[in-house]
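Please read them with the structure open.

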Amino acid sequence: MLKVLIPTIMLLPTIWLTPLKWVWTAATVHSLSIALISLTWLKWTSEVGWTMSNSYLATDPLSTPLLVLTCWLLPLMILASQNHINREPVSRQRLYIMLLTSLQAFLIMAFGATEIIMFYIMFEATLIPTLIIITRWGNQTERLSAGTYFLFYTLAGSLPLLVALLLLQQSTGTLSMLIIQYAHPLPLYSWGHKIWWAGCLVAFLVKMPLYGVHLWLPKAHVEAPVAGSMVLAAVLLKLGGYGMMRMMIMLDPLSKELIYPFIILALWGIIMTGSICLRQTDLKSLIAYSSVSHMGLVAGGILVQTPWGFSGAIILMIAHGLVSSMLFCLANTAYERTHSRTMLLARGLQVIFPLTAVWWFVANLANLALPPLPNLMGELMIITTLFNWSPWTIALTGLGTLITAGYSLYMFLMSQRGPTPNHIMNLAPFHTREHLLMALHLIPVILLMTKPELMWGWCY
């Protein structure tokens, strides 16, 4: 754990000490080397399940894929941000990279924490850099309103969790995941216990987000700069799923009866947000709502609490993290050239940028879960789990899959096909940096297709 955390923290002074000419190069190379070191976590040698650096930081097969995804994303965010941050004063450029790095450090400590209260503190600490990135570097004045939504939704969900954790500490005497997950289930029968159960999960359901408490997400995504959108879609939403997986283990006796309304909301949310996607005119908004739809499926898989459901949820989280991040990068490349997110004003781009149209096509196919990709594997495992739990769910999940295919194709056709408007003929060509960025998103998805047990090995 420390072999990645210490170099990440060392990157903070490096950014301020490096000469201006080399700031972006040094940050990219340093973060990419951290990402490559993190790949060593995937070589699993431990017999007991946990590999400890000390009593507070450890990795296990559930947190490892998410930790590697977090480390992999930092160089990609730095690559994606170069063009639009380069025009800023030097100190702001350094501050921007520093915020992204501090966010990675908080996320590594959140996913690696063995104490639930440390996980909670880091879960909340990720709010600060994300909020500054959205409200300082967002594109429009609505960024302040988006930041307020993001802050208050997350905090309102998190405070009941803090109270629930303090009550848990009082009743069990420990908040260590290593001990609690092997302890006997807590005797939970009274109404007070039911409220405590809800308090434990609401923070994570808001973060995922579950349909009904999702309104902060489209706002935050649309207003955030490209790095903000990437980290939000790829990793911060997954904090919610990871937290739910860790907490569901302790909440067992009550979960059987209390999960019904949440699963119904999650499945209904897949259809509702998918339908909203079909009516979107704003490209980033469409990708943001598609994230809500996919995370609804993940929430359903986790709430059912079977090994297949958990495996499908983590596979879909990793695959969706890479694909949605790639879609936000592609949307940003179009925005930097046309200065519009409205799909009607920037259509027919395939004629001007044929190679980029290939990236768009592959990203959309991955988003709608093309057969060999891990997206389909995760979705099929969750749909099978839900069908086993109740055969009626197949109507909702099946319709959700159809709608996903519909809006993915709609997004591709609207942005790439059709007549090219006269006002966008004279656009700057694509850079090698942008093609490299897309390749670095897509290569892990294709490689995971050949070795999916890296993601789901913890169940078996």
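At what angle do the axes of helix α3 and helix α19 cross? The first point takes this up; keep throughout that the model is predicted.

1. Helix α3 covers residues 63-85 and helix α19 covers residues 432-450; their axes cross at roughly 155° and come within 10 Å. An angle over 145 degrees counts as roughly antiparallel, and α3 and α19 are therefore roughly antiparallel to each other. The hand of this crossing is left.

2. The residues that carry the α3 and α19 contact can be listed from both sides. From α3 they are Trp72, Leu76, Leu79, Ala80, Gln82 and Asn83, and they meet Arg433, Leu436, Leu437, Leu440, His441 and Pro444 of α19. Sorted by class, this contact holds eight nonpolar residues, three polar ones and one charged one.

3. On the α16 side the contact uses Ala357, Trp360, Phe361, Asn364 and Asn367, while α18 supplies Thr404, Tyr407, Ser408, Met411, Phe412, Ser415 and Gln416. The split by class is six nonpolar and six polar, with no charged residue.

4. The crossing of α10 and α14 is right-handed. Leu217, Pro218, His221 and Val222 of α10 meet Lys284, Ser285, Ala288, Tyr289, Ser291 and Val292 of α14. Six of the residues in the contact of α10 with α14 are nonpolar, three are polar and one is charged.

5. How is the chain divided into domains? The domain assignment gives domain 1 as 1-42 + 52-252 and domain 2 as 268-459. The centres of domain 1 and domain 2, taken over C-alpha atoms, are separated by 22 Å. Across the boundary, 40 residues of domain 1 are in contact with 42 residues of domain 2.

6. Leu5 sits in helix α1, which spans residues 2-17. Is Leu5 buried or exposed? Its relative accessible area is 5%, and the cut-off for buried is under 20%, so Leu5 counts as buried. Setting aside residues up to four places away in sequence, Leu5 touches Leu57, Ala105, Ile108 and Met109. Tyr407 is 402 residues from Leu5 along the chain, and the C-alpha atoms of the two are 39 Å apart. Tyr407 is also one of the α18 residues in the contact with α16.

7. Ser176 is in a loop, the one between α7 (143-172) and α8 (177-180). Which residues does Ser176 touch, not counting those up to four places away in sequence? They are Thr114 and Glu115. The relative accessible area of Ser176 is 7%; with buried defined as under 20%, Ser176 is therefore buried.

Conventions. Residues numbered from 1 in each chain as written. Predicted model: local features only at pLDDT ≥ 70, side-chain atom pairs only at ≥ 80, totals over all residues. Heavy atoms only, no water. Axes fitted to C-alpha atoms, helices over the stretch in contact; angles between N-to-C directions. Helix = DSSP H or I, 4+ residues; strand = E, 2+ residues; numbered from the N terminus. Parallel < 35°, antiparallel > 145°, perpendicular 65-115°, else oblique. Left-handed = near helix turned anticlockwise from the far one by under 90°. Contact = heavy atoms within 4.5 Å. Nonpolar A, V, L, I, M, F, W, Y, C, P; charged D, E, K, R; others polar. Buried < 20%, exposed > 50% of the residue type's maximum accessible area, 1.4 Å probe, protein only. Domains from an automatic or database assignment.
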